[in-house]
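Here is a short briefing to read alongside the model. It starts with the chain as a whole and then turns to its pocket.

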Amino acid sequence: MRKNSVKNTRINGEVQRVLAEIIRGEIKDPRIAPMTSVVAVEVAPDLKTCKAWISVLGDEKAQADTLAGLRSAEGYIRGQLARSVNLRNTPQIHFIMDQSIAYGVNMSKRIEEVVASDRKAAEFDKGSENEEN
């Protein structure tokens with residue numbers, strides 16, 4: 001099976017959906033932040049390993065705690081995944097912290113700050129121009 005085949009894409013989507021359900025509803029570890037989402041999943045073509053990119057809304061401590069909680073619950077998650085998704089092999093899951101959402105929010109704030117400062121500068125220029133006339 002090729003990495004980008006239709007079958008592999010379908011498996012990635014199904015594993016992502018099931019992982020999100022398990023993390024959201026079945027794990028009771030207090031270290032895992034309530035605003036945790038599965039951004040992407042990449043299952044290897046041989047179905048032996050799986051990379052799951054996780055995004056956590058919160059500070060760096062919340063992200064580190066969530067990652068530690070997910071890694072400690074990996075066996076349970078893998079068992080639940082085996083029950084929910086019918087695959088020849090249940091993949092070994094490797095959780096990776098994804099910073100793209102936080103990066104996007106940070107960039108949006110910076111863009112808004114620049115636009116606001118440009119607007120103030122334009123208003124100031126307009127006001128000083130009126131005083132000269």
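A contact here means that heavy atoms lie within 4.5 Å. In this predicted model, 61% of the contacts between residues at least 6 apart in sequence join residues at least 24 apart.

**Fold and overall form**
- The protein chain has four helices and three strands, and from the N terminus on its elements follow the order α-β-β-α-α-β-α.
- The protein chain is more spread out than a compact globule, because its radius of gyration is 22 Å, well over the 14 Å that the globule rule gives for 133 residues.
- Along the principal axes, the C-alpha trace spans about 80 × 35 × 20 Å.

**Surface and burial**
- Of the 133 residues in the protein chain, 32% are buried.
- The accessible surface of the protein chain is about 9,000 Å², and carbon and sulfur atoms account for 52% of that surface.

**The largest pocket**
- If you are looking for a pocket to inspect, the largest pocket has a volume of about 190 Å³.
- Its lining is made up of 13 residues, and those nearest the centre of the largest pocket are Val56, Leu57, Gly58, Ile101 and Ala102.
- Which elements each supply at least two residues of that lining? They are strand S1 (36-43), strand S2 (49-56) and helix H4 (100-132).
- H4 gives the largest share of the lining, with three residues.
- By class, the lining of the largest pocket holds six nonpolar residues, six polar residues and one charged residue.

Notes. Residues numbered from 1 in each chain as written. Predicted model: local features only at pLDDT ≥ 70, side-chain atom pairs only at ≥ 80, totals over all residues. Heavy atoms only, no water. 1 Å grid on protein atoms, 1.4 Å probe; cavity = no way out; pocket = protein on both sides within 12 Å on 5 of 7 lines; lining within 4 Å. Points joined across faces, edges and corners; volume = space filled by probe spheres on them. Nonpolar A, V, L, I, M, F, W, Y, C, P; charged D, E, K, R; others polar. Rg over C-alpha atoms; globule rule 2.2 N^0.38 Å. Buried < 20%, exposed > 50% of the residue type's maximum accessible area, 1.4 Å probe, protein only. Areas by Shrake-Rupley, 256 points an atom, 1.4 Å probe, with all protein chains shown as cover.
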